[in-house]
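Visitor: Could you walk me through this structure one feature at a time, with the general idea before each case?

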Amino acid sequence: MEFQLTIEQIEEWCRIPFDELCKQEGLNAAVRLSDTKEQTMTDIGNLMAEEMIRYNKEGRITRWILPAGPMEQYTTFIDRVNREKISLKNLYVFHMDEFLDWEGRPYPVEEKFCSLRGTMQGGFYDRIDPKLNVPVEQRIWPDIHDPDCFDRKVEEMGGIDTTWAGIGCKGLIAFCEAPHSRYHRITREQFKNGKTRIREINEDTIVALAQRTFGGFYDMVPPMAITVGMKSILTSKRIVFMITTGAWKNTVIRILLMCKEPVLEYPVTFLTQYIPEKILCCDKASCDHPLSHKMKLW
């Protein structure tokens with residue numbers, strides 16, 4: 001992969017003082033900044049509830065792409081759904097991805113890290129009043145036996161209303177990661193039109209997930225996944241970025257907000273250039289950057 005962003009350009013963005021960043025002209029996304037991770041996730045859960053209420057009042061079908069991580073925003077959303085009797089009967093949920101083992105097979109569906117379907121069943125669907133819940137047939141997962149089925153369903157439904165997404169340290173969404181092969185080239189146009197596919201997870205992503213969840217025990221992170229591609233994601237009318245993991249995301253937030261062209265080394269730049277409405281929900285610790293301060297190394 002040929003790198004398109006220079007070190008000097010990234011460093012310039014990273015050195016913008018925190019209190020000046022959101023005042024920059026022409027940012028790629030509207031910024032909703034909170035003091036803490038907890039406040040950010042509550043804000044996102046309320047955004048989800050308000051969109052669902054609005055579309056229900058309009059008699060519209062709602063089409064979302066949802067992740068199985070982060071999960072904290074779902075607590076506020078589910079509390080409001082159950083308390084306010086917000087029906088999810090017209091909601092279609094397109095699930096981003098699912099882990100696979102080293103042979104490309106899915107893990108048993110159970111509430112464990114390696115089963116995203118199990119995570120969403122226990123952490124999302126099982127917590128919702130059955131009278132209000134998303135019908136089972138409207139919960140769409142990528143299928144290793146028919147990868148094209150996911151994209152066909154998105155097209156059949158007329159695209160996505162909102163994608164709710166965490167973003168990785170190197171700008172991934174789902175497991176749509178930066179191409180890393182030394183021997184096979186992918187153009188920006190090919191990546192932009194990428195379909196649902198099975199892939200090995202990039203090593204930097206395995207390191208990040210192992211550090212965050214398993215104390216650096218890499219073997220606990222599945223090596224493969226099936227993931228939605230950019231083609232379906234880019235049908236979204238709106239994307240809400242959910243970023244609250246602190247220093248790991250300091251640099252990618254600057255690139256998300258400032259980069260004005262899609263670049264393969266940071267897939268998030270495709271989202272900011274091709275999706276009409278972008279909202280960044282983050283906490284102060286994630287939005288700051290050490291290079292914007294005077295650093296001492298002792």
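Visitor: Where does Lys-85 lie, and what is its phi?
Guide: Most residues other than glycine have a negative phi, and most peptide bonds are trans. Lys-85, in the loop between α4 and β3, is not a glycine, yet its phi is positive, about 55°. Helices (H or I, at least four residues) and strands (E, at least two) are DSSP runs numbered from the N terminus. This is a predicted model, where local features need pLDDT of at least 70, side-chain atom pairs count only at pLDDT 80 or more, and totals for chains, interfaces and linings use all residues. Residues are numbered from 1 along each chain as its sequence is written, and side-chain values use heavy atoms, leaving out hydrogens and water.

Visitor: Which residues does the cis peptide bond join?
Guide: Gly-69 and Pro-70, with omega at about 5°. Pro-70 sits in the loop between β2 (62-66) and α4 (73-84).

Visitor: Which residues are closest to the centre of the largest pocket?
Guide: Rolling a probe the size of a water molecule over the atoms shows where empty space is left. A pocket here is an open set of points on a 1 Å grid over the protein atoms alone, where a 1.4 Å probe fits and protein lies on both sides within 12 Å along at least five of seven lines; lining residues have an atom within 4 Å of a point. Of its 38 lining residues, Ala-68, Gly-69, Pro-70, Leu-209 and Arg-212 are the closest to the centre. Helix α8 (203-214) gives the most to the lining, six residues. The lining divides into 20 nonpolar, 10 polar and eight charged residues (Ala, Val, Leu, Ile, Met, Phe, Trp, Tyr, Cys and Pro are nonpolar, Asp, Glu, Lys and Arg charged, and the others, Gly among them, polar).

Visitor: What is the strand order in the sheet of seven strands?
Guide: Strands of a sheet pair through backbone hydrogen bonds, either parallel or antiparallel. Here, the open sheet runs β1-β10-β9-β6-β2-β3-β5, with parallel pairing (two strands pair if DSSP finds at least two bridges between them). Each of β1 (30-34) and β5 (139-140) has a single partner strand, so one side of each edge strand lacks a neighbour in the sheet. Five bridges link β1 in parallel to β10 (residues 277-283), and Ser-34 stands opposite Asp-283 in β10.

Visitor: What order do the strands of the three-stranded sheet take?
Guide: That open sheet is antiparallel, in the order β4-β8-β7. Its edge strands, β4 and β7 (197-200), each pair on one side only. Strand β7 pairs with β8 (residues 224-227) over four bridges; Glu-200 has Met-224 in β8 as its bridge partner.

Visitor: At roughly what angle do the axes of α1 and α10 cross?
Guide: Axes are lines fitted to C-alpha atoms, for helices over the stretch in contact, and angles run from 0 to 180 degrees between N-to-C directions. The axes of α1 (residues 7-14) and α10 (residues 250-258) come within 9 Å and cross at roughly 100°. That makes the two helices roughly perpendicular (65 to 115 degrees). In contact (heavy atoms within 4.5 Å) are Ile-10, Trp-13 and Cys-14 of α1 with Thr-251, Arg-254, Ile-255 and Met-258 of α10.

Technical notes:
Parallel < 35°, antiparallel > 145°, perpendicular 65-115°, else oblique.
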